Amino acid sequence: MHIPSSRQEQQKIATVLTTADKEIELLEQQLADFQQEKKALMQLLLTGKRRVVIDS
């Protein structure tokens, strides 16, 4: 494994990895939000408070 000797190169790599971590956290939060929204919509469908309209 190559370890960069330049401090500047190490900082650039750290910045890229930090940015990637933040992106992953945002995507995980977005996934959790979508799952919660799906759960809420399914509950509305199952209780009959929301109905599905099919246009054909």
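A helix here is a DSSP run of H or I covering at least four residues, numbered from the N terminus. By that definition Thr-47 lies in helix α1. The model is predicted, and the protein has 1 helix and 0 strands. Its radius of gyration is 22 Å, well over the 10 Å that the globule rule gives for 56 residues, so the protein is more spread out than a compact globule.

**Overall form**
- Along the principal axes, the C-alpha atoms of the protein fill a box of roughly 65 × 25 × 20 Å.
- Of the 56 residues in the protein, 2% are buried.
- The protein has an accessible surface of about 5,800 Å², and carbon and sulfur atoms account for 57% of that surface.

**Thr-47**
- The side chain of Thr-47 reaches the backbone oxygen of Leu-44 at 3.2 Å.
- Thr-47 and Pro-4 are 43 residues apart along the chain, and 59 Å separates their C-alpha atoms.

- Leu-46 is placed in helix α1, which covers residues 7-47.
- The relative accessibility of Leu-46 is 69%, so Leu-46 counts as exposed.

Methods. Residues are numbered from 1 along each chain as its sequence is written. This is a predicted model: local features need pLDDT of at least 70, side-chain atom pairs count only at pLDDT 80 or more; totals for chains, interfaces and linings use all residues. Side-chain values use heavy atoms; hydrogens and water are left out. Helices (H or I, at least four residues) and strands (E, at least two) are DSSP runs, numbered from the N terminus. Buried means under 20% relative accessible area, exposed over 50%, partly exposed in between (1.4 Å probe, protein chains only). A polar contact is a pair of N or O atoms within 3.5 Å; within protein, one must be able to donate a hydrogen and the other to accept it, and residues adjacent in sequence count only if both atoms are side-chain atoms. The radius of gyration is taken over C-alpha atoms; the globule rule is 2.2 Å times the number of residues to the power 0.38. Accessible areas come from the Shrake-Rupley method with a 1.4 Å probe; for residues, only the protein chains shown count as cover.
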